[in-house]
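The sequence and structure come next.

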Amino acid sequence: MENQLTAEEITKREMEFDAKIAKGIVVEPKDWMPDRYRKQLLRMMSQHAHSEVVGMLPEGNWLTRAPSLMRKAVLLAKIQDEAGHGLYIYSAAETLGTDRAEMIDQLLSGHAKYSSIFNYPTLNWADMGAIGWLVDGAAIVNQTVLAKCSYGPYSRAMVRICKEENFHNKQGYQIMAYLMKGTKEQQEMAQDAMNRFWWPSLMMFGPHDTNSPNSGDLMKWKVKLQTNDDLRQRFIDRTVPQAEAIGLKIPDPDLKWNPQTRHYDFGEINWEEFNNVIKGNGPCNRLRMKQRRDAHENGAWVRSAALAYAEKHGK
Ligand code: FAQ
């Protein structure tokens, strides 16, 4: 820890640390690291883990109303995967010295963030397609890069998570493609889901680079290898042709292929909406927190039974 070292020693260690990062050497839990690196990682990893867990709620809303047994089984498997992702990331975050219970307390007391996207309602079955395709699609674009980040436990968790997110992404796209081959009502349902989830999916990548206070540290230390805007662009470039292939329209009048840059130009995100959602005033923030707190209280007996079992069997 830094407080046991003199200022000179800290400077020397920080220079060694920066040189190690520059060489692409992966940082492991027992290695020395600057306090700020540890804090930034914890902030990002805890919000990521909370996102996976809160992210189960909008899809959980449709478990009892899936249109067939096969769709229900697939959705259930996907939601269980998200719970697993939360656990991998909480475990990886614990290697930085913060207990999982503490991170969960921060979430339940409203002090920790989770992704803005999960504060939007899921109003029709096509929303399950839009979440798998767009939300998991955005998560993959971000996480494929995070799988190469400088912190070993986080990068290794991302490798497995990305494999599972790929399956989620394909099942979501398949739901949308299936609906687009269906009746006029089904096509309208898919387009409605697209209209509501497109812009919030772009917001998942965070503020513009010029308004992103954490990017400087994170890029310097190779936690982030690409900026918020670069990843957002990459997501748009890969998603627009997928939408076109099944006949869905992107709800952005300014969206246009730019032959010079070889990227899509697109309209401005509603940052006022984004800021409101991350401040807790989105359409479902209060509901999500209530659902999470209720689930935590209702699960108390499971945690105490598991603890009693572990104590009895010396685990
Ligand atoms: N929502 O300085 P930056 C998933 C906050 S997983 C809420 O740019 P940073 C799987 C940010 O925390 C989705 N808050 O921040 C799934 C910071 O506030 P703070 C989650 C946001 O860290 C699918 C402030 O704004 N993925 O979907 C958001 O450099 C389906 C300033 O921002 C990850 O978490 C936002 N969208 O970049 C599950 C990936 N954007 O903390 C279920 C890991 C920004 O200083 C179903 N995280 N903020 O108070 C990251 O890559 C980064 O943390 C960013 C933000 C890109 C999210």
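How far is an oxygen atom of the ligand from a polar backbone atom of Pro213? The separation is 3.3 Å, within the limit for a polar contact (a pair of N or O atoms within 3.5 Å). The model is predicted, with local features needing pLDDT of at least 70 and side-chain atom pairs pLDDT 80 or more, while totals for chains, interfaces and linings use all residues. Residues are numbered from 1 along each chain as its sequence is written, and side-chain values use heavy atoms, with hydrogens and water left out.

**Ligand contacts**

**Ligand shell**
- The ligand is surrounded by 37 residues, the closest being Gln47, Lys113, Ser116, Ser212 and Lys224 (a heavy atom within 4 Å).
- The shell holds 15 nonpolar, 13 polar and nine charged residues, where Gly counts as polar and Tyr, Cys and Pro as nonpolar.
- Helices that each supply at least two shell residues include H2 (35–54), H6 (126–146) and H7 (152–180) (DSSP runs of H or I, at least four residues, numbered from the N terminus).

**Second largest pocket**
- About 420 Å³ of space lies in this pocket, a volume being the space filled by probe spheres set on the grid points, which are joined across faces, edges and corners.
- A pocket is an open set of points on a 1 Å grid over the protein atoms alone, where a 1.4 Å probe fits, with protein on both sides within 12 Å along at least five of seven lines; lining residues have an atom within 4 Å of a point.
- Its lining has 16 residues, with Leu87, Ile104, Arg292, His296 and Arg303 nearest the centre.
- H5 gives the most to this lining, five residues.

Key:
Polar contact = N/O pair within 3.5 Å; in protein donor to acceptor, adjacent residues only side chain to side chain.
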